[in-house]
Structures are given as structure tokens and as C-alpha cells.
Amino acid sequence: MYEIQDEIQLKIKQEFKMDDLGFPEKILGIDVAKTDDGYILYQSSYIEKVLHKSQMLDCDPKETPMASGTKLSKDMEATPAEINNYPYRSLVACVLFLSLCTRPDIAFTVMSLSRFLERPGPGMVKCLKRLI
């Protein structure tokens with residue numbers, strides 16, 4: 001395996017200026033850890049930033065991303081007067097990034113929340129806070 005890698009690196013170095021920086025610890029904001037079985041990708045530093053942004057650093061973690069039986073619908077949307085300054089759209093984008101990179105287990109909840117970006121009601125905000 002390493003022979004192939006060394007051969008590829010040698011060919012690339014012949015064509016381009018390149019330095020071998022060794023094993024990456026972080027790639028595009030995703031932390032990488034090498035184990036005996038392979039690699040582990042995680043985003044704990046990004047999750048902490050999302051918790052800070054949502055002012056939920058002291059929240060109680062939940063076992064599931066969405067409470068069972070939760071149904072979000074158009075009837076639950078807020079009127080323009082009811083919408084507060086909660087950064088709903090921005091936080092949904094943050095959890096979407098998490099679901100695409102390292103947390104596919106939250107994808108259904110993120111999809112459900114992303115359907116109500118225009119006028120999120122209190123139920124949607126509550127569901128988002130549970131997810132975060």
C-alpha cells in the first residue's frame with residue numbers, strides 16, 4: 001500500500017512543487033483520527049461553535065434528534081408578526097452541513113426543519129433546539 005502511495009507522490013513531485021505534510025488532522029473543518037480499523041471523522045469543534053451560536057452550550061443532550069411522533073406542518077408556521085430574531089435559517093444550514101459531512105443520522109430531522117425556512121413557528125424552533 002505504501003509503495004503505491006510513495007510512487008504516486010514521486011510522480012506528482014516530478015510535475016509539481018509539493019511538500020509531504022504527513023497525516024492530516026483536519027480537512028475542511030472535519031477532524032480526522034486514525035485508528036487500527038481505519039479513520040474516524042468528527043466535528044466536535046464545529047458542533048461547539050453551533051452550540052455557542054445558538055446560545056445552547058448548557059443544554060441537556062437528547063437521545064434522539066427528533067421526538068417520536070413529531071409532525072411539522074404548514075399550520076404551525078408563524079405569521080410575520082410572530083417571527084422573532086432567532087437565527088433559525090442559519091442554524092438549519094449549520095446542522096445541514098453536519099448531516100452531510102459526519103452525521104447522517106440527523107438527516108431526516110434536518111430535512112423536516114428545512115421545509116420551513118421562511119416562517120418558522122415556535123414548534124419548528126423547539127424541534128431545532130432539540131436537535132442542537
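**From values to words**

Author: Let us begin with Arg103, which counts as partly exposed at 31% relative accessibility, and keep in mind that this is a predicted model.

Reader: What makes Arg103 partly exposed?

Author: Buried means under 20% relative accessible area and exposed means over 50%, with partly exposed in between. Arg103 has a value of 31% and therefore counts as partly exposed. Asp105 has a value of 47%, so Asp105 counts as partly exposed as well.

Reader: Why is the pair Arg103 and Asp105 called a salt bridge?

Author: The rule asks for a side-chain nitrogen of Lys or Arg within 4 Å of a carboxyl oxygen of Asp or Glu. In Arg103 and Asp105 the closest N and O atoms are 2.7 Å apart, so the pair meets that rule. The count by this rule comes to six salt bridges.

Reader: What does the salt bridge between Glu77 and Arg119 tie together?

Author: The closest N and O atoms of Glu77 and Arg119 are 3.0 Å apart. Glu77 lies in the loop between α2 and α3, and Arg119 in the loop between α4 and α5, so the pair ties together parts that are 42 residues apart in sequence. Glu77 counts as buried, because its 14% relative accessibility is under 20%, while Arg119, at 38%, counts as partly exposed. Lys74, Glu77 and Arg119 are linked in a network of salt bridges.

Reader: Why are β1 and β3 said to stand at the edges of the sheet?

Author: Three strands form an open sheet in the order β1-β2-β3, with antiparallel pairing. β1 and β3 each have a single partner strand, so one side of each is left without a neighbour in the sheet. Strand β2, which covers residues 30-34, is joined to β3 by four bridges, and two strands pair if there are at least two bridges between them, so β2 and β3 count as paired.

Reader: Is Asp31 buried or exposed, and what surrounds Asp31?

Author: Asp31, whose place is in strand β2, has 9% relative accessibility, and this is under 20%, so Asp31 counts as buried. Asp31 stands opposite Tyr42 in β3, and its side chain makes a polar contact with the side chain of Lys26 at 3.5 Å. Leaving aside neighbours within four places in sequence, Asp31 is in contact with several residues, including Glu25, Ile40 and Leu41.

Reader: What makes Val50 buried, and which residues does Val50 touch?

Author: Val50 lies in helix α2, and its relative accessibility of 4% is under 20%, so Val50 counts as buried. Not counting residues up to four places away in sequence, Val50 touches Leu91, Cys94 and Ile132. Val50 and Ile132 are 82 residues apart along the chain, and their C-alpha atoms are separated by 7.8 Å.

Reader: How do you know that Ile4 is exposed?

Author: Ile4, found in helix α1, has a relative accessible area of 54%, which is over 50%, so Ile4 counts as exposed. Together with Ile8, Ile12 and Phe16, Ile4 forms a nonpolar patch on the surface, with about 410 Å² of accessible area together.

Notes. Residues are numbered from 1 along each chain as its sequence is written. This is a predicted model: local features need pLDDT of at least 70, side-chain atom pairs count only at pLDDT 80 or more; totals for chains, interfaces and linings use all residues. Side-chain values use heavy atoms; hydrogens and water are left out. Patches are made of residues with over 30% relative accessible area and no salt bridge: like charges are joined within 9 Å, nonpolar side chains (Val, Leu, Ile, Met, Phe, Trp, Tyr) within 5 Å. Accessible areas come from the Shrake-Rupley method with a 1.4 Å probe; for residues, only the protein chains shown count as cover. Buried means under 20% relative accessible area, exposed over 50%, partly exposed in between (1.4 Å probe, protein chains only). A polar contact is a pair of N or O atoms within 3.5 Å; within protein, one must be able to donate a hydrogen and the other to accept it, and residues adjacent in sequence count only if both atoms are side-chain atoms. Contact means heavy atoms within 4.5 Å.
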